[in-house]
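Please walk through this structure, going from a helix to ring contacts, charge pairs and the surface.

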Amino acid sequence: MPSYADVSIAADDSKADTDETLILSPLLVNAGPIESSAQRAAQIKASAPNAIEVIDGQQLQQFNEQSLGDALRRVPSITFDGANRAREIRLRGLPGEYTQVLVNGRPLIDGESRRNFEVDRIPTGLVERVEVIRSPRAGQDGAGAAGTINIVLKSGAELPPETQVTLGGGYLEDNGNQGEITVSSTGSVGRLSYTLAGSAQQFRRNESKFVTNYDGAGAPTGAADGVNERRFEQTNLIPAFLADLEDAGRVSFKPFYLWTKEYRDDIGTPYNADLVTPGRVTDEDRERVRETYGFNAGWEFDLDDASQLALGLDWQKGKTDTARDEIRYNTNGTINRTRQRGERIDMRSVRPEMVLSLDRGAHDLSFGAGARLQKHEENNWEITNGVLQAPRADRIFEIEEDIVFTFAEDVWQAASDLTVTGGIRMEQSKTATTDFFGATTSGRETFALPSLNVVYEVVDKTDLRVGVARTLRRPDLRKLSPAVETRAGTAADPDVQGNPDQAPESIWGADAGIDHYFADDRGSVSLNFFGRLFTDKIENVTTFGGGRFVSTPQNVGDGRAGGIELSARLPLGFAGFDDFTLWGNGVFTKTSVDEPGGGSRPFLDQPDAVGNIGLDYAFTPLRTVIGVALNHTVSVDQTQSLASGGRLEQSIGSRTRLDLSSRTEITPNAILTLSATNLLGETEKRVDQQFDAGGAPVSSAQTTEETYRGFFARLTWVF
C-alpha cells in the first residue's frame, strides 16, 4: 500500500477490452497515497492506443462509498437517474442504455433487461481500477455508444503479495446503520499465483417521493406519498488462479459469486384534493435476491517468439427472485386487500473466444472469433385475497439471443510518435422471443463495426487522440412484449407498453482530444470533443388517450449528440502550496432527436452539464490526506409532443452534493478513513405539465425527493 515515503509504482495496464497485462517501467516519486494512485492511472491512460480515462482504486475509495456506483459520481462524465440512485450509469449525460458496463473486460449478466449491469452490486473495496473507454476498439463488444465502463477487479490484475483486511461501519441519515468487511490475499506457490478476495456488506437506499397533482387552473386534485426505503445485504467472492506451465503456456481460472438481497419497504398513501385527507394506504414488503455466478477460464500459448494463441471460456448463470407481500388498508384502518406476488428471472450466458496475436515489427496484429450464447426467462404469479390470479402477461417470456462475432485489428507504430489502430468487428445476432401465448418471433441481423484510433505525441508528455467507430444499441428485452403494464396513468407515472417492432439503433461516433501530463505524471489536463449520430433512435414516447398516459418505446427517427469533456489534476506546488492538489472534471452535452410529427427535441431526461471539483490536502505531520469534493448536475427542461396534438413540458431541478473525507496512516500497515457525504442534503424537484393542442394547461404534477447524509469509517490492515 502506498505510504508517505518514497514508493515504487509499477502500473499494470489492462487493455481496454481484455485482461492482458502490460507492466510499465517503475517510477520513483515522493508522493502521498492519493497522488501515487493518480500517477498510476495517468500512466495507464497515456499508454493506451485509444481514448480512455482511468481511475485507480485508491481514488475511488477516498470518500468511503460502499457501492461502486456512489464512488463513480466523481468520475468524469458519469451521472445517474434520480437524486438517490447509483445503479445504472449515464455516461456523458446520455440515457443509461447507451453505456456498456464490463467487468474484467467481459459483460456480466444481471436481471436488468436493458442489457446492462447495475454497478451497485460491486463493492468499491474489490475494485483495482475503473476505465472509461471513450472510443472503442475491434476486440470490444459492439455496444456502448456513449462509452464503456470497464471495471477491473482485484482478481483481474497482478498484485504484490500481501493480505489486506478492511472493516467499515457508518450511518445513513434517517435510514439506519451500514457496515462491511473486505478481505484480499495474494501470493504464489511454485508456478501458481493466486488472489483470494471477497466482501460482505450491508448498505441502505431511500428513494421516497411525494407527488402533488393539479388541474389546468392550478387547483390541487390529489397527492401521493410514496415511501421507498431499501436495505441491501451483499456477499461477493472473486478468487483468481494463474499457473505458468512453461512450454505449455499459461492457464488462468477466475470463478466468481455475486449475491445481493434487497429488503424494500414500500408504503403508498394517496391524499384527496384537500391534500390532508388520506385515501387507502398500501403497505408492501418486498424481498429481491439477485445471484450471479460462473467462471472465466483462459489458456495462452506462445506459438513462437512473435505469435500467441489465446483461448477463453466465460460461463455465467444468474437468477433474480422477487417476493412481494402487500396489505391495503381502508381509511378507517381495516384491511381492504391482501396480495402476494412473485417474479422469477433466470439467465445464462456462455462465451467461447479465440484470439491470435502476431508481432510483426511495427504491426501488432490480432484476429479473434467467438460467440455469446444467452438465454433470459421471466415468470410471475399472484395471489389476491387468498385466490390465485392470472399472471402478468407482459412479464412472462423467454428470449434466446446468440451473437457470433469475429474481429481483426492492427496496432501500427507508424512512427516513434504516431500510433494508428484500425480494426473491424462483425456481429451477427439471432434472436428468438417466445411470449406468454407461446408465439415465437425470430430475427437475424448482421452489423459491420469498424473502428479507427490515432495517437500522436505532439511533444513530450502531450498526446493528440482521434477515434472513429460504429456501435449498436439493441432493444430492451422486456419492452419487446406488446402487453401493457398498468401504473398510475399520469404524466409523472404513465402506463408502460412494449413494442415488438423496435429495430436496433446504429450509432456512428467520433472523438478528438488532447492530453498533457506533468509533475511526474501526478498532474494532467485533458480536453475531449465528441459527436454521435443515431439512426432509428429508440425513445419512450408518451401518448394520451382514454384518460391515461401510456409510454411506449418507438424508433422515433434520427438523433444527434455532441459535447466537450474536461478533466484536470493540478498539484499546486508551483504556487507555493506543496501539499495541495486541485482536481476537477466536467461534461457539456447537447442532443436532439427527430419527433414523429416533425421538429426535434433533446433526449429525454438528459442534463446539459455534469461536473466535479475537489481539493486534496496532504498534512504530512499526521500522515493524513483531507479531501473535499463537490458534484453538480444542472437542471433539465424538456418538451415532448403528444400524439393528441398537445405537449408535455417537464423540468428536473439541479442537484449538488458535497463530500468530505480524511485518510490517516496510523502506522505503515494501518489506515483509517473517515467520510461525510452529501452534506448539503438537497431535495430534488420535478414538474410535469400537460398542455392541449391549443396551448391551454390541462394538468400538472410536482414531485419532490429528499436526499440523505451519510457518515462512514473504514479501518484497513495490511500484512
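The paragraphs below take these topics in turn.

The model is predicted. Of the 15 residues of α1, 13 are buried, so the helix is largely enclosed by the rest of the structure.

The structure holds 13 aromatic pairs. One of them joins Phe-210 and Tyr-271, with 6.4 Å centre to centre and 45° between the planes, which makes the pair tilted. This pair links distant parts of the chain, as Phe-210 lies in strand β14 (residues 209–215) and Tyr-271 in strand β17 (residues 250–271), 61 residues apart. Phe-210 has a relative accessibility of 30% and counts as partly exposed. Tyr-271 is also partly exposed, at 23%. Another tilted pair is formed by Tyr-617 and Phe-619, where the centres are 6.0 Å apart and the planes 35°. Tyr-617 counts as partly exposed at 24% relative accessibility, and Phe-619 counts as partly exposed at 30%. Ring pairs also join Phe-253, Tyr-293, Phe-295 and Trp-315 into a cluster.

Two arginines are placed over aromatic rings. The charged end of Arg-231 sits over the ring of Tyr-263, 4.1 Å from its centre. Arg-425 lies over the face of Phe-405, and here the distance to the ring centre is 4.4 Å.

Charge pairs are the next topic. How many salt bridges does a search of the whole structure find? The search finds 66. Among them is the contact between the side chains of Glu-173 and Arg-709, at 3.1 Å from N to O. Glu-173 lies in the loop between β11 (162–172) and β12 (176–189), and Arg-709 in the loop between β41 (697–706) and β42 (710–718), so the pair ties together parts that are 536 residues apart in sequence. Glu-173 is partly exposed, with a relative accessibility of 21%, and Arg-709 is partly exposed, with 26%.

A salt bridge also joins Asp-302 and Arg-250, whose closest N and O atoms are 3.3 Å apart. Asp-302 is in strand β18 (residues 281–304) and Arg-250 in strand β17, and the pair links distant parts of the chain, 52 residues apart. Asp-302 counts as partly exposed at 41% relative accessibility, and Arg-250 is partly exposed at 28%.

The side chains of Arg-337 and Glu-326 likewise meet in a salt bridge, at 2.4 Å from N to O. Arg-337 lies in strand β20 (residues 335–360) and Glu-326 in strand β19 (residues 307–329), so this contact ties together parts that are 11 residues apart in sequence. Are Arg-337 and Glu-326 buried or exposed? Both are buried.

Strand β12 also holds Ser-184. Ser-184 has a relative accessible area of 9%, and because buried means under 20%, this residue counts as buried. The C-alpha atoms of Ser-184 and Val-718 are separated by 9.6 Å, although the two residues are 534 residues apart along the chain.

The last topic is the surface. Leu-452, Tyr-456, Val-458, Val-459, Leu-464, Val-466, Val-468, Trp-508, Ile-514 and Leu-533 form a nonpolar patch there, and together they have about 800 Å² of accessible area. Which strands each supply at least two residues of this patch? They are β25 (440–459), β26 (462–473) and β29 (505–518). The largest share, four residues, comes from β25. Val-468, a member of the patch, lies in strand β26. With a relative accessible area of 34%, Val-468 is partly exposed.

Methods
Residues numbered from 1 in each chain as written. Predicted model: local features only at pLDDT ≥ 70, side-chain atom pairs only at ≥ 80, totals over all residues. Heavy atoms only, no water. Patch = residues over 30% accessible without salt bridge, like charges linked within 9 Å, V, L, I, M, F, W, Y side chains within 5 Å. Areas by Shrake-Rupley, 256 points an atom, 1.4 Å probe, with all protein chains shown as cover. Salt bridge = Lys/Arg side-chain N within 4 Å of Asp/Glu carboxyl O. Buried < 20%, exposed > 50% of the residue type's maximum accessible area, 1.4 Å probe, protein only. Phe/Tyr/Trp six-rings, centres within 6.5 Å; stacked < 30°, edge-to-face > 60°. Lys NZ or Arg CZ within 6 Å of the ring centre and 35° of its normal.
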